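Please look over the sequence and the model below before reading on.

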Amino acid sequence: MLESTMTKVMQLDQKSWLHRSDAMQGMERIEAFFQGNAYGMHRHDTYAIGCTMAGVQAFQYRGAHRQSLPGHTMVLHPDEAHDGQAGTDDGFHYRMIYVAPALIQEVLGGHALPYIEGGITQSPRLESATRALLERPLGESNSMEETDAIVELALALHAEAGGTGGAGGLPARDFHSTKLAHDFLCDAWQSSISMEDLSAVTGRDRWSLSRDFRKFYGTSPSRFAILRKLDVARQRMLCGDSLADVAASTGFADQAHMTRHFTQTFGIPPGRWLRMMRFRIATPSGAQTFKI
């Protein structure tokens, strides 16, 4: 069980640690303990949905200071800037799952992405749906059970957001062409793609397409393309490629250009992220823990 694994991890490192699963099927999970400042301001194109297990988890979100406590569920919308720090000297322990908006759209089928005002909720249904995904053993997947859990999470988000996503709905037919743009960007991430290219693929004008892409996938087409490059960059870093080579091979102008986007996305520079990944401690369950 995850709980027994984390007890052993705590005995290895009493300060800060990070426990991460590999990204699979549009989701990535972490469990971590931090004291002091954890992350600088950053944003990514996934939902960040999680629970504070112990302590006070503080963060800046949409211009306000927020605090999550045990029993709360955090739902940070894609592309919204936020940071992270301990609200007390005791630090905080939390679990988080990062969910691609495309996975939510597989369930909602063209509704605007659900938006949770303030980033924190005490909805029992949403807490239950979130914990169902968070408490599964890291690195294991059962397609039927996981599909059911994802469907319930998407429906719980939709219900908590009032069933509208807080953005006013467009007709469902707009979703089809926007999904064509999404899939094209996923397939052609190495290419230099313009809005004119996306317009040609979808038959849409660039203004309405860009608007709808944000509605259905939570970020702009240009930023979505950059983040697909960062996905590949992380894998190549872990394979041992130098940061300069990674930047060149994934289409960034140079290493500084990649570093800027990496830090804005993950809250830490690539050098520190790579050091976390290299200082591994193998736990008895076979999962991976990383010292900060």
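This is a predicted model: local features need pLDDT of at least 70, side-chain atom pairs count only at pLDDT 80 or more; totals for chains, interfaces and linings use all residues.

Residues are numbered from 1 along each chain as its sequence is written, and side-chain values use heavy atoms, with hydrogens and water left out.

The protein chain has 11 helices and 12 strands, taken as DSSP runs (H or I of at least four residues for helices, E of at least two for strands) and numbered from the N terminus. Of its 292 residues, 52% are buried, where buried means under 20% relative accessible area with a 1.4 Å probe, protein chains only.

In soluble globular proteins, nonpolar side chains tend to be buried together. A nonpolar core is a set of buried Ala, Val, Leu, Ile, Met, Phe, Trp, Tyr and Cys residues joined through side-chain atoms within 4.5 Å. The largest one here has 33 residues, and Tyr39, Tyr94, Met237, Met258 and Trp273 have the most contacts inside it. Apart from this core lies another, of 23 residues, including Ile49 and Leu103.

Helix H7 covers residues 206-217 and reaches 16 Å from its first C-alpha to its last, close to the 16 Å expected at 1.5 Å a residue (1.5 Å times one less than its number of residues). Its buried residues are Ser208, Leu209, Asp212, Phe213, Lys215, Phe216 and Tyr217. Seen down the axis of H7, these fall within an arc of 165 degrees, so they line one face of the helix; the arc is that of the directions from the helix axis to the C-beta atoms. Glycine 218 follows H7, with a positive phi near 85 degrees.

Methods
Buried means under 20% relative accessible area, exposed over 50%, partly exposed in between (1.4 Å probe, protein chains only).
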